[in-house]
Amino acid sequence: STYTEKILRRFYMDKSHPLSSPMVVRSLDVEKDPFRPREEHEELLGPEVPYLSAIGALMYLANCTRPDIAFSVNLLARFSSAPTYRHWKGIKHILRYLQGTIDKGLFYSNNCGSQLIGYADAGYLSDPHKARSQTGYLFTCGDTAISWRSTKQTLVATSSNHAEILAIHEASRECVWLRSMTQHIRGTCGLTSNKEVPTILYEDNAACIAQLKGGYIKGDRTKHISPKFFFTHNLQENGDIDVQQIRSSDNLADLFTKSLPTSTFEKMVHKIGMRRLKDLHECQNEGE
């Protein structure tokens, strides 16, 4: 909260009116998308507008303690080389959201379990201007986020299924690292290892799950996808992960692939373990 207050003062937004979400819901019409690239007639922001400084400050916050702004910051960071007033308005929107949620953070309870659970999702054509999709994944331990990522895919996905395979590949790589790290910590502390228990990785695309279960099979629908992206199939065979289907509305990684309506956004933020300090104090007082 101290860092959040610092950047709000730095960009003169500490007296701003708070908002309930970090980004407006984007229009499906590419021409009306407020976060489209700069057009020829639009003027670039001058050096007096600290766009890059704001992106850097917000990126640090999104990577460390505020996964709720990860997608918004990633989207606006794409325009760092040619920002316009539209994009600066997006930055100020995030800052106004932070103004209303200064005391919000990840809450790790001492009464919850230690099971590692992952969620993977892709936002197909999240960047329609360059035909790129969005990768989003999240790992929770004790129902609270411990690792997350929201990033634009570097390859052009030819279908939503293709985009999902790329996303779950990135999530699988993160899962391998998290499993090895937790096993090392448990071993160092003299705790029993849970190496034999596979990590559940939730995915909402049925076709993607079926393809990963069968492994790479060269056919008309998969011959353009590099076999390396079926690394998840090997992890399933080895018993390291267990890919399971989940409803799209329950996939927490949805928070990292698109801008959501306020009600859905608040529900997702609560499910990944984010709480406001004042709410925790109220619960504690009621318990006493």
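Colleague: How many residues of domain 1 are in contact with residues of domain 2?
Modeller: In contact, meaning heavy atoms within 4.5 Å, are 23 residues of domain 1 and 23 residues of domain 2. This is a predicted model, where local features need pLDDT of at least 70 and side-chain atom pairs count only at pLDDT 80 or more, while totals for chains, interfaces and linings use all residues. Residues are numbered from 1 along each chain as its sequence is written, and side-chain values use heavy atoms, with hydrogens and water left out.

Colleague: Where do the two domains lie in the chain?
Modeller: Domain 1 covers 2–102 and domain 2 covers 106–275; such bounds come from an automatic or database domain assignment.

Colleague: How many salt bridges does the rule find across that interface?
Modeller: The rule finds zero there. A salt bridge is a side-chain nitrogen of Lys or Arg within 4 Å of a carboxyl oxygen of Asp or Glu.

Colleague: And how many does the structure hold?
Modeller: The structure holds 14 salt bridges. Among them, lysine 258 pairs with aspartate 121, with the closest N and O atoms 4.0 Å apart. Lysine 258 also pairs with aspartate 254, at 2.5 Å between the closest N and O atoms.

Colleague: Which residues do shared partners join into one network?
Modeller: Asp121, Asp254 and Lys258 are joined that way.

Colleague: Is aspartate 121 buried or exposed?
Modeller: Aspartate 121 is buried, at 2% relative accessible area. Buried means under 20%, exposed over 50%, and partly exposed in between (1.4 Å probe, protein chains only). Aspartate 254 is also buried, at 12%, whereas lysine 258 is partly exposed, at 33%.
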